[in-house]
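Let's take a walk through this structure together, one feature after another.

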Amino acid sequence: MKKIFSYILLALAASGIPAFAAEPANYYASCEGKSGAALLSALRTVVGPHTTVSYDGLWSVYLDSDVDENGKIWDMYSTKRWSTTSGKCGNYSAVGDCYNREHSFPKSWFNEASPMKSDAFHVYPTDGKVNGQRSNYPYGECANGTTLPSRNGVQALGKLGTSTFPGYSGKVFEPVDEYKGDFARTYFYMAAAYNDKISNWDSDMLAGNSYPAYTTWAVNLLLKWHRQDEVSKKETDRNDAVYGHQKNRNPFIDHPELAEYIWGNKVGTPWYANGDPDPTWALPVDNSTIDFGLSATNYTISRAIDVKGSNLTSNVSISLSGSDFTLQQSSVTAAAANAGTFISVSFKRATAGVSTGTLTFTSGDLSSTVNLRAEALDGIPALDATNITETGFTARWKSLGDAETYQLSVRQNGTLLPGYPVSVNAEAEEYDVTGLLPATLYTYTLSDGSKTSNEISVATATPIPDVQYLNGPSFNFLLDPGTVSDAVEVWIDVENISSALSVSVNAPFALSTDMTNWSQSISMEPQEDRFYLRVNATDMGEYESSIIIANGDYVNDEGYASASVRDTSTPWFIEDFEKAENPDISYGDYGNKVFYGTPCDWNLTDAGLWSSDKANNGTYALRLGKTDKSAIESATPKDSGIGTISFYAKPWRDDGDLTLQVEYLPAEASDWTSAAEVVVNADSYTLYTVTVKAPGSNYIRLRQTAGKRGFIDDITVTDYADNSTNIIELDSLGNWDAFCLNKALVIINHGGESASFHVYDLDGRTVAATKLHSSLTASKVADSQYSISLPAGLYIVTDGSNSRRVLIK
């Protein structure tokens with residue numbers, strides 16, 4: 001719907017109507033009066049049915065749903081704001097390289113099934129590198145997690161580590177506080193929209209049932225995030241925009257209180273859309289603990305504590321117990337609490353030790369009790385390190401205000417590191433420690449000559465496993481039923497993995513490392529840099545599969561394969577403009593409108609249809625206007641590539657020649673590509689055919705650039721069946737193969753010319769050399785192929801310009 005929406009937006013802007021509507025009246029009426037499991041099930045009947053957006057179509061949704069006030073793509077995994085016309089992954093090596101589509105609710109949990117796979121409510125545009133770090137780990141909290149290093153001023157948002165949230169001890173990814181509520185409400189949406197499916201999904205966060213759907217620890221985590229990070233304007237705007245595409249909404253953004261009636265402190269109380277008239281308490285959460293952290297003796301620290309209620313009619317009185325804590329105010333008005341305010345509590349202790357206290361909030365019959373905790377020590381308070389990477393961390397402390405500098409000491413196994421102690425600015429309260437070893441335990445302390453700090457232990461991060469696609473990561477096939485596609489060479493780069501990788505796809509796709517033995521699952525050593533992918537389908541249809549690369553806990557599911565299996569000799573994409581049901585078309589005038597065609601819908605610019613015109617065939621043909629702005633453009637992309645674009649055209653009466661640009665736009669691209677310029681000058685309908693050869697999904701446009709009125713009819717677009725184009729930058733990799741087959745090294749020359757090859761071992765010694773003719777011209781197979789038995793090990797094969805690694809097993 002990418003281009004149709006642009007027309008709708010223009011129309012709405014002209015009329016002063018908001019581009020995307022908010023919650024419709026009575027949208028949730030059928031859910032009222034329910035609570036708990038019944039309420040969650042009722043929500044499914046409202047928000048579960050929706051218009052399914054294609055996976056490629058998500059890029060178009062993001063242009064409406066995830067653009068900030070500056071027109072940039074909003075990223076919740078990094079500080080980068082991405083251009084709407086570039087930046088999609090592709091390949092990446094660091095934070096800030098590119099962005100891709102992040103299944104915040106991992107697709108492996110629901111076996112990549114539709115419509116969940118492309119539901120925009122949980123698939124966000126995020127930094128590719130951080131997305132790779134998150135993998136398919138659950139969300140959680142990890143106090144000592146690893147944040148990826150910044151590059152070129154772009155910071156990673158989130159960290160990966162062992163869970164420190166009660167009830168779970170596995171590895172988790174923790175988003176930054178700013179977006180925790182967003183992700184919590186996303187997970188609540190998934191439980192509602194797919195309440196009839198979620199019991200069959202698999203994850204450590206899922207309970208295996210339809211209610212409560214999530215495990216106890218996950219419910220507690222999500223409720224905590226939901227309460228602490230309230231709904232933002234970003235979320236409400238995104239909710240409205242996705243509703244414009246999918247025709248459903250996230251109810252937990254429209255009505256955040258729903259979470260309490262389903263999982264929280266209002267379970268058992270009927271929910272109503274207009275709100276609960278009874279007073280309720282929100283923040284701080286009853287029976288929660290507020291930890292002031294570490295301070296020094298006789299040093300005061302303060303903490304602002306949020307206060308929030310709903311429908312309160314009585315002022316809130318506040319009482320405090322705990323001799324080392326001080327309350328700055330003893331009450332807030334009901335109006336302030338309903339709107340949301342804060343109070344200040346300070347802590348000061350004369351001797352080293354831990355202090356506890358209790359805050360009690362009372363409004364009429366409502367009360368909430370909150371526990372306080374703080375610790376003081378003699379000396380400088382050193383705090384836990386942050387920004388932990390493989391080679392460093394940020395040491396932190398609290399300045400006592402009585403010294404300009406501190407001496408920071410960093411040790412490994414009790415031994416002071418070279419260059420330490422180092423003088424640091426005391427008031428800066430942090431210092432970046434660099435040049436360390438990965439996966440190593442260090443300690444740090446501070447002193448000012450008279451006082452020392454507590455000792456902080458910090459382990460640098462273990463190198464993060466990573467697999468990058470050097471081409472792809474999407475591979476598209478087109479073939480006839482009962483045939484086998486050409487094999488596509490898939491190049492990968494493996495980092496920080498020392499044991500075998502498993503690679504898997506779903507049938508009818510198949511994988512191989514030697515182009516001889518094919519299966520849905522293969523094993524590769526990390527030294528190997530490529531594998532092969534093909535399709536073998538008997539029945540016609542559309543097929544797709546993720547390419548799953550895994551090693552232990554690490555999973556890369558970014559690879560994607562699709563195949564259209566059909567009779568490629570018969571064009572199916574034909575537009576004759578005879579379709580009768582076109583409510584947006586006023587026959588007999590020019591304009592900017594949508595024509596609901598046969599193979600797709602079309603956006604018309606300064607164009608129209610007249611029954612009085614003579615068509616090439618049938619009743620109607622498209623007439624272009626008198627300006628050089630007239631155009632017809634597909635509103636949705638055509639799958640299965642574009643081989644040729646053919647159409648009949650002629651000038652209108654005596655208006656003279658007209659010039660048309662024949663253009664296409666890949667679904668994931670931003671700029672149109674001109675396939676040809678066509679000059680229409682014949683008095684009668686003439687067939688024009690333009691060769692395109694564009695794989696994948698593409699938009700199509702015929703755009704007038706010169707001349708006046710003219711006719712277009714019977715547009716026919718053929719598929720593109722050359723699967724070799726799935727190999728991106730094939731020429732730069734060299735058009736030849738080298739692989740291990742039956743313990744031998746095999747080289748095949750697919751290029752158009754003869755080539756010489758050399759084989760080296762890792763010591764740089766030449767172990768083989770050969771010259772091979774092209775397989776296209778060789779009189780026998782042996783002239784284009786070479787095989788040699790070699791001892792097990794890693795070898796480098798080169799043609800002088802390009803090289804390949806081959807592992808002999």
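Is Arg373 buried, partly exposed or exposed? With a relative accessibility of 29%, Arg373 counts as partly exposed. The cut-offs here are under 20% relative accessible area for buried, over 50% for exposed and partly exposed in between, using a 1.4 Å probe and protein chains only.

Before going on, a word on what you're looking at: this is a predicted model, in which local features need pLDDT of at least 70 and side-chain atom pairs count only at pLDDT 80 or more, while totals for chains, interfaces and linings use all residues. Residues are numbered from 1 along each chain as its sequence is written, and side-chain values use heavy atoms, with hydrogens and water left out.

Back to Arg373. Its side chain meets that of Glu375 in a salt bridge, 4.0 Å from N to O; the term stands for a side-chain nitrogen of Lys or Arg within 4 Å of a carboxyl oxygen of Asp or Glu. Glu375 is partly exposed too, at 29% relative accessibility. By this rule there are 35 salt bridges.

Another one pairs Arg134 with Glu102, with the closest N and O atoms 3.0 Å apart. This pair ties together distant parts of the chain, since Arg134 belongs to helix H4 (residues 128-134) and Glu102 to strand S3 (residues 99-103), 32 residues apart. Helices (H or I, at least four residues) and strands (E, at least two) are DSSP runs, numbered from the N terminus. Arg134 is buried at 0% relative accessibility, and Glu102 is buried as well, at 3%. Elsewhere, Glu489, Asp529, Arg530 and Arg804 are joined in a network of salt bridges.

Next, a sheet. Four strands make an open sheet in the order S7-S9-S13-S11, with antiparallel pairing; two strands pair if DSSP finds at least two bridges between them. Strands S7 (280-283) and S11 (325-327) are at the edges with a single partner strand each, so one side of each has no neighbour in the sheet. From one strand to the next, the twist averages 30°. S7 is joined to strand S9 (residues 301-310) by 3 bridges, and Thr280 has Ser310 in S9 as its bridge partner.

Now for two helices. The axes of H5 (residues 177-193) and H7 (residues 233-246) come within 11 Å and cross at roughly 35°. Such axes are lines fitted to C-alpha atoms, for helices over the stretch in contact, with angles from 0 to 180 degrees between N-to-C directions. Tyr179, Gly181, Asp182, Arg185 and Tyr189 of H5 make the contact with Lys234, Glu235 and Gln246 of H7, where contact means heavy atoms within 4.5 Å.

Follow the chain on from H5 and you reach Ala213, in the loop between H5 and helix H6 (216-228). Phe577 sits in the loop between strand S34 (573-575) and strand S35 (591-596), and is buried at 0% relative accessibility.

Last stop: the cis peptide bonds. One runs from Ser114 to Pro115, with omega near 5°, and Pro115 is in the loop between S3 and strand S4 (123-127). Another joins Tyr420 and Pro421, with omega about 5°.
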